[in-house]
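Take a first look at the chain and its fold.

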Amino acid sequence: MRNSKSARNEISVESVSAIDGSSVSAHRSWNMSRIRSRDTLPERKLRSLLHRAGLRFRVNNTTLPGKPDIVLSRHGLVVFVHGCFWHQHQDCDLAKLPKTRTEFWREKFEKTRSRDQRAVFELESLGWRVIVIWECEIERTEELALRRVLEVVTARKAP
Ligand SMILES: [Zn+2]
């Protein structure tokens, strides 16, 4: 099986405390390459929220299937923060198929989608619980995104 062509370089983990509301307007100027990067704004935002909620986690894990963005080992939980365009969030405005080279994109997205599905399947068979959070969810209702994670975390703690 061949890895994604785009080599994923190690990206240094930024201090979560550096994140504040001032970056909110920055997402409007995103271009594709930035959305594609490993360390996206929605991802940092969610990490910041999780951190504030007192959760401990690791980021950019490269050993687990699909390389989850956030790993909460203690809770047996991994979180993917998916860019709506690259991962083709269904019925999402950010996930419109480009009008040029349509076939190229369709094929590319199809591959990404099956890679994503396979990762979830593999993670679940390893006993992980998997949450996928979409970029637009975090932009629109970050509290809701946080709550989705917290609900799973709390469920595990119950006797
Ligand atoms: Zn979306």
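**From one serine to the core**

Start with Ser-114, which sits in helix H3 (residues 102-125). Helices (H or I, at least four residues) and strands (E, at least two) are DSSP runs, numbered from the N terminus. This is a predicted model: local features need pLDDT of at least 70, side-chain atom pairs count only at pLDDT 80 or more, and totals for chains, interfaces and linings use all residues. Residues are numbered from 1 along each chain as its sequence is written.

Is Ser-114 buried or exposed? Ser-114 is exposed, because it has 10 other C-beta atoms within 10 Å. The cut-offs are these: a residue is buried with 20 or more other C-beta atoms within 10 Å of its own, exposed with 12 or fewer, and partly exposed in between, with C-beta atoms placed from the backbone. His-87 lies 27 residues from Ser-114 in sequence, and the C-alpha to C-alpha distance between them is 10.0 Å.

Now step back to the whole protein. It has 4 helices and 4 strands. Along the sequence they follow the pattern α-α-β-β-β-α-β-α. Of the 159 residues, 22% are buried. Two residues are in contact if their C-beta atoms, placed from the backbone, lie within 7 Å. Among contacts between residues at least 6 apart in sequence, 60% join residues at least 24 apart.

The strands come next. An open sheet of 4 strands runs in the order E1-E2-E3-E4, with mixed pairing. Strand E1 (58-59) and E4 are the edge strands, and each pairs on one side only. Two strands pair if DSSP finds at least two bridges between them. E2 and E3 are antiparallel, over 3 bridges. Val-71 has Val-78 of E3 as its bridge partner. H2 packs on this sheet and touches E1, E2, E3 and E4. The direction of H2 makes about 145 degrees with that of E3. Here axes are lines fitted to C-alpha atoms, for helices over the stretch in contact, and angles run from 0 to 180 degrees between N-to-C directions.

Which residues touch the most other members of the largest nonpolar core? They are Leu-46, Leu-50, Ile-70, Val-79 and Ile-133, in a core of 20 residues. Helix H2 (41-52), strand E2 (70-72), strand E3 (77-82), strand E4 (129-134) and helix H4 (135-157) each supply at least two residues of this core. E3 gives the most, with 5 residues. A nonpolar core is a set of buried Ala, Val, Leu, Ile, Met, Phe, Trp, Tyr and Cys residues joined through C-beta atoms within 7 Å.
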